Amino acid sequence: MALRTREDSAPDRVALLEPCIELEPGHAFVHHHLGLSWLEWPERTTVTSARAITNLDRATQLAPGYAGFHQGLAQALATASDGAGALGAIERAVALDSGW
């Protein structure tokens, strides 16, 4: 089963992924995809932004060497108007991706 299709929505993905977090709380990819789903929530609020950041940050904690997770966190922080946090996360992503 594909995680994303044209027909699915952010609420559908959240409903699918939240139980997965309960079953596998240490799975970085699930946290990452859940965070991205919260980031794409149709009516963005401070609550959905906070949930996105929480899950994306957790993914970076669980797999700190994976640049894509830092990039996702940077996107969420920028969306939440945390420019300094976003810059730090994207710098970590670039450093990891380039091998600095």
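S49 is buried, with a relative accessible area of 12%; buried means under 20% relative accessible area, exposed means over 50%, and partly exposed lies in between, with a 1.4 Å probe and protein chains only. This serine lies in helix α3, where helices (H or I, at least four residues) and strands (E, at least two) are DSSP runs, numbered from the N terminus. Leaving aside residues up to four places away in sequence, S49 touches R44 and A80; a contact means heavy atoms within 4.5 Å. The model is a predicted one, in which local features need pLDDT of at least 70 and side-chain atom pairs count only at pLDDT 80 or more, while totals for chains, interfaces and linings use all residues. Residues are numbered from 1 along each chain as its sequence is written, and side-chain values use heavy atoms, with hydrogens and water left out.

Five helices and zero strands are found in the chain, and from the N terminus on the elements run α-α-α-α-α. The radius of gyration is 13 Å, close to the 13 Å that the globule rule gives for 100 residues, so the chain is as compact as a globular protein of that length. Here the radius of gyration is taken over C-alpha atoms, and the globule rule is 2.2 Å times the number of residues to the power 0.38. Taken along the principal axes, the C-alpha atoms fill a box of roughly 40 × 25 × 25 Å.

Buried residues account for 35% of the 100 residues in the chain. Among contacts between residues at least 6 apart in sequence, 47% join residues at least 24 apart. The chain exposes about 5,900 Å², of which carbon and sulfur atoms supply 56%; accessible areas come from the Shrake-Rupley method with a 1.4 Å probe, and for residues only the protein chains shown count as cover. As for charge, the mean positions of the 7 positive and 12 negative charges are 2 Å apart. Lys and Arg count as positive and Asp and Glu as negative, while His and the chain ends are not counted; each charge is placed at NZ of Lys, CZ of Arg, CG of Asp or CD of Glu.

The helices can now be followed along the chain. Helix α1 (residues 10-23) has 14 residues that should span 20 Å at 1.5 Å a residue, and its end C-alpha atoms are 20 Å apart, which agrees; the expected span is 1.5 Å times one less than the number of residues. Within α1, the residues A10, R13, V14, L17 and I21 are buried. An α-helix has 3.6 residues a turn, so residues three or four places apart point the same way. The buried residues of α1 pack against α2 (28-39) and α3 (46-62).

Helix α2 reaches 16 Å from its first C-alpha to its last, close to the 16 Å expected for its 12 residues. This helix is mostly covered, with 10 of its 12 residues buried; among them are V30, L34, L36, W38 and L39. The cover over the buried residues of α2 includes α1, α3 and α4. H33 also belongs to α2, yet this histidine counts as partly exposed at 28% relative accessibility. H33 and G72 are 39 residues apart in sequence, and their C-alpha atoms are 9.3 Å apart in space.

T54 is exposed, with a relative accessible area of 53%. Between the C-alpha atoms of T54 and W41, 13 residues apart along the chain, the separation is 15 Å.

The 13 residues of α4 should span 18 Å at 1.5 Å a residue, and the end C-alpha atoms are 19 Å apart, which agrees. The buried residues of α4 are A67, F69, H70, G72, L73, A74, A76 and L77, and they pack against α2, α3 and α5. G68 is found in α4 (residues 67-79) and counts as partly exposed at 27% relative accessibility.

One last residue deserves a look. S81 sits in the loop between α4 and α5 (83-98) and has a positive phi of about 65 degrees although it is not a glycine. S81 is exposed, with a relative accessible area of 67%.
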